[in-house]
Structure formats: C-alpha cells, structure tokens
Amino acid sequence: MARKTLDELNLHAKRVLVRVDINVPMENGHVSDATRIDKIVPTVSEIMKRGGFPVLLAHFGRPKGQVQRDLSLLRLVPELEKVLNCSVIFVADCIGPAVEAASAILGPNQVLLLENTRFYAQEEQNDSNFAAELAKIGDIFCNDAFSVAHRAHASTEGLAHLLDSCTGRLMELELKALEAALGDPIRPIVAVVGGAKVSTKLDLLVNLIERVDHLVIGGGMANTFLAAKGINIGKSLAEHEMTAIANDILVKADGCSCEIILPKDIVIARKFEANAANEICLVDGCPDEAMILDSGPATIAQIINIFEVAKTLIWNGPLGAFELEPFDAATTAAARKASALTKNGALVSVAGGGDTVAALSKAGAADGFSFVSTAGGAFLEWMEGKDLPGVAAISRV
Ligand code: AMP
C-alpha cells in the first residue's frame, strides 16, 4: 500500500502541521546558505493555495532538551518571509495554550513557525504525551523532512500515529529517487562506495552486494580490502582490524554474483597533502614508505566502462582523497562520466551521504545526476536497507 501524499487529503480550512528541515548554516546571525529553506516552498505554498494553514515544526542544532536562545528559530523569520513571500508568525514555544491559540486564528497567506522542538527533551525521547500536545495544534500532519526520517522523534514519528498524515513534496521527491535506485531498479545496477573507512559503511556494503551487479570500492576503504588480499599498502589509511570482515564481504559478493571492483592501479605519494609528489603504479607496487591516495587511470577506465553498460548508479563516498589535488582525479573523472550518461538519458544516478555531495560538486558533476540527496544519515540508512521510522509511520492510502 502506498503512503498518503498531499494529493489524498482535503486541506481546505485545515491546520497542517508540517515537519520541515530548516537547520540551515548561520554566520553572524544571518542565514549563510538558504538551500534547505528554499526546498520547503513547494509544500508550504501548496498548502496555502489549497486553503490550508501551515504550521511549521522544526529543530535547530542540538540543544539537547534545553532552551538555548542562540538556537531559537526566531532568527529564521526574515528569511522564511522572503522565500515564502507571506507573513510568518512566530511563537516562542512549540506546545501549549499560546501555540494552540495562534494556530486557531491563522489566516490566509500566513504561516505559523513554532520554536525549536528540541528545546524539549521529550522530542528526541518520542514521548507520547509530548506528541499528543503537538497533535492538539493541527488537524493534519505532513512530514517533509526526509533528512530526519531516520530518527524516531515525536515530531517525525510519534505525531504520525495521532493525526491523518502524509508526505510533503520534498520528502516524496527523495523517496521516489531512492525507490528508483534501490526499490525496483533497472539493471545492470552499479554502486560506488568510497570514503575513509569500512567500519562506518559495513551495513551499506553488505546490503549492496545482495542488490547490485557491480560494486566499485574506492578511497581509504579500498586499502583495507587490498590489505585483506595480502597486498602491501605501505602507510596507506586502512583499518587492519577489519581485514577478516573485508574478506568475508568478498566471499559473500561472490556468492551473490556481485562483481567487486577494487583498484588495479593506484596513485601513491609520500605526503598526505595537496600537490605532493606522486606516481602511478600497479596495485601491488606501493613501497613501504608510501601511501595510496587515489585510483589510477586503468581503474578509472574500468569504472567508466561499467558505467557505460549500467542503467542505474548509486554513489556514496569519494574514490580518493578528493580534497587534495591531484588526488581527486578518479572521483572527478567517474563523476563527470556518470553526469554525462545521465544527461543523455542512459543512466539513472542517485548519490548522497557524507562527503559525496562535496566531491560531486567539486567535480562540477552534481547537477548532472538524477538526484543528489543532501540527507546524510537518512540516505545512508535507506541504502543500508533499514526502515526509516519517519517514513514507515506515515498513513497508508
Ligand atoms: P567518508 O566521510 O567516509 O565518505 O570519507 C571521506 C574522506 O575519505 C575524505 O575526507 C577523503 O579525503 C578520505 N579519503 C578517501 N580516500 C582516501 C585515501 N586513499 N587515503 C586517505 N583518505 C582518503
């Protein structure tokens, strides 16, 4: 059964509690990047157009159940008014009589913004009484905060059990993209997993080998796999305590007919710094005093060949130490190829999590992907095959 969207609900004269993610970066008291605020516009505007009254619920920072004036949402009112082009009324609480009264008298072209939900410890505890207090403020719950959907909090999960609930437009977009990549993808499907450590991406690797046809492993985590295969990796970043697990993954992948692609040639340097003297060698050519900082040209060519036959790509993590030039070469070349194939309609490409967005943006390739998720933790948990509580709790059609 499908989840309810805004399409299935009559919003006229209804107060709609919208959980949004407006946890934006600030500099000197001003919003320095309004991307997250821009993204809530479709849902909030639609609710107003359809005669509903949006009441925004959101967290900001990590106040850990304490009122912290520097984490008040009050500071976002000017930016919200600008972006939403309407008047934004702020109440310095998120539950209680003052909030209920403000919600009851909301008029057309007005949005009510409530104070940081995390000022209450009960929010992160998913306390049922607190969720019931939140439910008193509205008639409908609309969750548009995919990026916090992996948290079972009162405003992301508890509330969905108390009111008729639906996904917002942004959440819908994110879910559609992820379902296209991992739900019922067009094969062949290739995953790229890079980044620093195997230990932080173990669940991800295990889930992917059961689902994808090719798994490209790069970055620091590839070093752990190479070491597990008995290859000398010199002073490279690696988790030697993970070698047994890495071998286990290689064996499991074999059993699932998932082809693992590890570097066959490498870029090595003696220093972990930009423009360090470097050379390309075969994967078994790393001297004791050197470290592997990127995949070499033969590996890049192999990855590109796989991209050319693939129909779906999932990408998390850089293929090398991409912040340091020229060790961004493999990440940049592969990202640009994926972007070009996607633009030609040959590939569905979904990327996200950790440093991925920064790496693809640095390569100038992020715009070409079918979907780049900015939801770090929620994106990773989805790719790991876990149920996201904030998504699972939404009413079914
Ligand atoms: P993650 O947050 O796990 O996606 O890891 C991203 C980080 O891994 C980035 O800061 C990269 O510079 C780093 N990284 C990737 N490849 C290597 C490598 N071969 N050696 C050291 N660090 C690397």
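In what follows, Ala, Val, Leu, Ile, Met, Phe, Trp, Tyr, Cys and Pro count as nonpolar, Asp, Glu, Lys and Arg as charged, and the others, Gly among them, as polar. The model is predicted, with local features needing pLDDT of at least 70 and side-chain atom pairs pLDDT 80 or more, while totals for chains, interfaces and linings use all residues. Residues are numbered from 1 along each chain as its sequence is written, and side-chain values use heavy atoms, without hydrogens and water.

The lining of the largest pocket comprises 13 nonpolar, 11 polar and 4 charged residues. Among these 28 residues, Gly195, Ala196, Gly220, Gly320 and Ala321 lie nearest the pocket centre. Helix 9 (219-228) and strand 14 (291-295) are the elements that each give two or more residues to this lining; strand 14 provides the largest share, 5 residues. Helices (H or I, at least four residues) and strands (E, at least two) are DSSP runs, numbered from the N terminus.

Around the ligand there are 15 residues, and Ala196, Lys201, Gly220, Ile292 and Glu323 come nearest; a residue is counted if one of its heavy atoms lies within 4 Å. A polar side-chain atom of Glu323 is 2.5 Å from a ligand oxygen atom, and one of Lys201 is 3.1 Å from a ligand oxygen atom. Ile292 instead places a backbone N or O atom 3.0 Å from a ligand nitrogen atom.

In helix 2 (residues 41-49), the residues Thr43, Val44, Ser45, Glu46, Ile47 and Met48 are buried, meaning under 20% relative accessible area with a 1.4 Å probe, protein chains only. After helix 2 comes Gly51, with a positive phi near 85 degrees.

Definitions and conventions: Buried means under 20% relative accessible area, exposed over 50%, partly exposed in between (1.4 Å probe, protein chains only). On a 1 Å grid over the protein atoms alone, a cavity is a set of points where a 1.4 Å probe fits but cannot get out, and a pocket is an open set with protein on both sides within 12 Å along at least five of seven lines; lining residues have an atom within 4 Å of a point. A polar contact is a pair of N or O atoms within 3.5 Å; within protein, one must be able to donate a hydrogen and the other to accept it, and residues adjacent in sequence count only if both atoms are side-chain atoms.
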